[in-house]
Amino acid sequence: MTVLVRLLGSAAAGVVLFLSFPPRTLWFLAPVAVALVVLSLTVPGRDGRTPGLRAGASIGAVFGLGFFLPLLPWIGEYVGPVPWIALSVAESVFVALFGLAVVLVARVPLAPLWIAAAWSATEWLRSTVPFGGFPWGRLAFGQSESVLLPIASVGGAPLLSFAVALVGTALAAAVTALLGGARRRVVAAGLIAAGAIPAGGLALRPTLAGPTDGDRTVVVAAIQGSVPRLGLDFNAQRRQVLDNHVRETLRLADEVDAGRSPRPDVVVWPENASDVDPTRDRTAADEISAASVRIGAPILVGAVLANPDGTSTNSVLVWDGAAGPGERHDKKIVQPFGEYLPYRSFFRLFSSYADSAGNFVPGSGDGVVHTPVSAGSDAVALAVGVATCYEVAFDRAPAEAVAAGAQILAVPTNNATFGDTEMTYQQLAMSRVRAVEHSRTVVVAATSGVSAIVAPDGTVTSRTGLFDADHLVATVGVRSTTTPATTWGARIEALLVVVGAAAAVVGRVGTPLVAAQGGGS
């Protein structure tokens with residue numbers, strides 16, 4: 001196998017991995033993609049040699065480009081191709097490290113296990129650095145329709161990603177054994193290992209909670225008011241965006257009064273539903289209060305709040321009728337190169353859109369807000385965990401909220417800046433993983449779509465279309481129990497990272513220097 005063939009194979013593997021992600025439902029292609037790239041990195045050539053470190057890094061990088069370039073074009077939807085290509089290249093550097101790790105651990109006993117752990121270590125690294133990391137494209141986030149999805153309830157997104165990778169590495173081991181003329185039982189062992197993991201996911205499926213399972217039920221609503229126009233300047237008509245969400249809430253109130261819909265206990269508006277700061281603008285505050293009174297429920301309002309020092313916070317406020325604003329969640333994980341721009345003067349040299357980046361600062365807290373709901377003749381507090389848009393991609397945001405007592409999760413998001421792209425479906429898949437991970441209903445409210453109600457078993461019970469003004473209402477279970485993933489997810493990931501790194505060290509120590517630095521075939 002020549003280096004060119006290996007590079008072409010890894011590029012094809014990257015495209016196959018992309019095809020496994022939403023909005024497609026080809027989740028089973030993800031382990032196939034992992035198997036293909038591992039084979040490109042480990043199958044001996046005609047001279048009996050396998051790739052060395054340099055070739056391994058190149059093969060891994062090409063695999064990354066084959067995946068990220070088609071996955072992330074929405075990044076450049078309105079700002080041009082430079083940010084999209086730059087981010088894809090940057091993320092591919094981490095996948096190049098995976099290629100290095102495979103070369104190092106391929107000859108260590110039980111290599112499929114260590115290679116899968118190396119993948120986990122790579123995902124952790126790129127989800128952490130630089131600028132807080134970028135978790136988009138983790139294997140787990142392509143598995144929202146998968147038989148493997150229930151594994152998220154045991155070890156969260158980290159264990160789910162590891163399971164996908166392990167199926168792939170086991171398949172690769174079986175193919176390698178077959179090509180090498182190994183005994184049938186060796187090939188069968190690889191195939192059995194690859195099949196046992198999906199079987200485990202299927203076995204876990206009955207343990208997942210249904211839409212109304214829990215301590216009690218509440219009625220939730222998600223409002224999608226839509227926006228006047230798409231693109232970076234959608235908020236040039238900020239008042240219109242607010243009016244749209246007020247109007248859609250009043251339309252729901254009419255349906256409630258007519259008996260066509262139950263009255264919600266809590267209403268969730270999207271991120272940026274009010275870019276007019278309602279704590280400073282009396283007209284905006286009066287509109288929101290009137291909508292809350294009319295619907296007879298508190299509203300979680302996504303709003304941009306101005307700070308005295310000229311910065312802003314991306315916040316979700318509990319707005320309860322005549323009482324006005326109550327508790328709030330200030331977005332803790334703000335998006336670099338979007339909500340703020342590191343090294344602004346430098347990046348201004350490359351793009352005229354640099355000055356379009358915001359000046360947002362991160363908040364603090366546990367991500368939980370409390371809103372009053374009725375329980376018979378009594379009023380009780382519903383604990384809502386909020387992960388605003390970008391935050392849902394990070395394990396720690398929903399995990400901290402659920403650990404702090406969140407009984408349902410809300411994901412207010414604004415996807416209008418990314419147009420008619422796959423981004424919104426990729427993000428919805430993350431919410432589905434989070435629902436299973438923490439056994440919580442997830443209410444996704446998007447300005448322009450797709451909004452959805454996600455049950456604790458990951459199923460989407462209702463959803464809107466793109467670019468429509470619409471609303472969703474559902475009776476959902478309120479849950480207080482926690483999953484093993486909530487408690488152990490971060491520790492499981494740490495263990496996988498340590499195992500993957502340790503295996504690479506063991507492999508490096510056991511690999512002769514000349515062979516490790518060779519170009520391979």
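Axes are lines fitted to C-alpha atoms, for helices over the stretch in contact, and angles run from 0 to 180 degrees between N-to-C directions. Helices are DSSP runs (H or I, at least four residues), numbered from the N terminus. This is a predicted model: local features need pLDDT of at least 70, side-chain atom pairs count only at pLDDT 80 or more, and totals for chains, interfaces and linings use all residues. Residues are numbered from 1 along each chain as its sequence is written, and side-chain values use heavy atoms, without hydrogens and water.

**Exercise 1.** Describe how α6 packs on α7.

Step 1. Take the axes of α6 and α7 (residues 184-204): they come within 7 Å and cross at roughly 155°.

Step 2. Classify the angle. α6 is therefore roughly antiparallel to α7 (over 145 degrees).

Step 3. Assign the hand. The crossing is left-handed (the near helix is turned anticlockwise from the far one by less than a right angle).

Step 4. List the contact (heavy atoms within 4.5 Å). α6 gives residues including Val-154, Leu-166 and Leu-178; α7 gives residues including Val-186, Gly-190 and Ile-197.

Step 5. Sort the residues: 17 nonpolar, 1 polar and no charged. Ala, Val, Leu, Ile, Met, Phe, Trp, Tyr, Cys and Pro count as nonpolar, Asp, Glu, Lys and Arg as charged, and the others, Gly among them, as polar.

**Exercise 2.** Do likewise for α2 and α6.

Step 1. The axes of α2 (residues 29-42) and α6 (residues 152-179) come within 7 Å and cross at roughly 50°.

Step 2. Among the contact residues are Pro-31 and Val-38 of α2, and Gly-168 and Val-175 of α6.

Methods: Helix = DSSP H or I, 4+ residues; strand = E, 2+ residues; numbered from the N terminus. Parallel < 35°, antiparallel > 145°, perpendicular 65-115°, else oblique.
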